[in-house]
Amino acid sequence: MHPERQLCIIHSQLYINMKPLQELVRPNIWALKPYSCARDEFKGMKADVFLDANENPYPNGVNRYPDPLQEQLKQLISPMKGVPVGNIFLGNGSDEAIDLPFRIFCRPGKDNVVAIDPTYGMYEVCADVNDVEYRKVPLTADFDMDPDALLAACDDNTKIIFICSPNNPTGNAFQREKIEQVIKTFQGIVIVDEAYSDFSTQRPFRMDIAQYPNLIVLATFSKAWAAAGIRLGMAFASEDIIGLYNKVKYPYNVNVLTQAKAMEILGNATLLQRHISMILEERDALLKAMAFLPICKKVFATDANFFLARVTDANGIYKYLVQRGIIVRNRSRVNLCGDCLRITIGTKDENTKLLAALRQYV
């Protein structure tokens, strides 16, 4: 092993084979002096006259810049997610939380990232935008992950491994032991995307970030929290990595309206749990009903709020449903997903309309 490589020992039992963080970060980012927001300069002090940021002084609810670090919102998220405030990053959708690690860790034209395939398409889009090689490692025929294959695809210039669990579009969550093997063995950053973890019974990896200094866990308000329209994503990681996120992000990346709406939503956790329970109940009923349809060859098990179904003619059925005003996702062109439709769990009424339409398909 390289003499400068760090061997982190946690709880005297857990070994993480991670390079020093400075060795992973792009040199220009490590040396970067971030933009200083006007609000940062008097943080911790009380003030009632603000003449520092060239704002319009006449109040209308949005005339002032938002808190650049969303401290009040993070204070509400922290107990719900079981993560300290200092380990939370909030972004303009999960897309920002996905894009920033490319800008922090990956040298354009030199470094690469590794990801399972098929998976969420934004990882590859961000790699292309940042001129970073994107290496795909196919899942098995039953959509399982091979940790050894993921690690074998890495080289000295691999900075990040992406694992989406539960995975999109396949819906399945991977065994924790397999993900842990990757985190413990890989010398770079492992990003586990848990956008759908609220619908899974598996223990979320965000609860374990204190054990894994090379781990970033992604989450979102778009799925279980029923807030796709406010575009609020989350990343959980060590304070050092969160510091890098905050160093590189745009100053006021989460606007006032988004922060206010998120705090309103967080105030009604009972409704959230009721909606999750209803979705899970509908998921079980819809999967059973789909399996009896003549057009359905296979319904794949899922840990998310959607499922993948292999049908007799995905292209034809997709077009038919569009004509009936029902929109699903045709995943036929995705690796391993030939003739597959990805179907989100809707309300009871929406699911009934879907099944009625599919029963009439000839």
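These legends describe close-up views of a predicted model. Local features need pLDDT of at least 70, side-chain atom pairs count only at pLDDT 80 or more, and totals for chains, interfaces and linings use all residues. Residues are numbered from 1 along each chain as its sequence is written, and side-chain values use heavy atoms, with hydrogens and water left out.

**View 1. The largest nonpolar core holds 87 residues.** A nonpolar core is a set of buried Ala, Val, Leu, Ile, Met, Phe, Trp, Tyr and Cys residues joined through side-chain atoms within 4.5 Å. Buried means under 20% relative accessible area, exposed over 50%, and partly exposed in between (1.4 Å probe, protein chains only). F105, I216 and F221 touch the most other members. Helix α5 (residues 93-105) gives the largest share, six residues. Helices (H or I, at least four residues) and strands (E, at least two) are DSSP runs, numbered from the N terminus. Another core, of 23 residues, lies apart from this one; L287, I317, L321 and V328 are among its members.

**View 2. F105 and its contacts.** Contact means heavy atoms within 4.5 Å. Neighbours within four places in sequence are left aside. F105 then contacts L21, L24, V25, R26, D111, K159, I160, I189, I216 and L244.

**View 3. Y65 and Y252 form one of nine aromatic pairs.** Rings of Phe, Tyr and Trp (its six-membered ring) pair if their centres lie within 6.5 Å; planes under 30 degrees apart count as stacked, over 60 as edge-to-face and the rest as tilted. Here the centres are 4.5 Å apart and the planes at 10 degrees, so the pair is stacked. Y65 sits in the loop between α3 (38-41) and α4 (71-81). Y252 sits in the loop between α9 (239-248) and α10 (256-266), 187 residues apart from Y65. Y65 is partly exposed, at 41% relative accessible area. Y252 is also partly exposed, at 22%.

View 4. Y196 lies in the loop between β7 (189-193) and β8 (215-220), and F306 in strand β11 (residues 306-311), so the pair ties together parts 110 residues apart in sequence. Y196 is buried, at 8% relative accessible area. F306 is buried too, at 3%.

**View 5. Charges lie over the rings of F306 and F205.** A charge sits over a ring if NZ of Lys or CZ of Arg is within 6 Å of the ring centre and within 35 degrees of the ring normal. R342 lies over the face of F306, 5.6 Å from the ring centre. R176 lies over the face of F205, at 4.0 Å.
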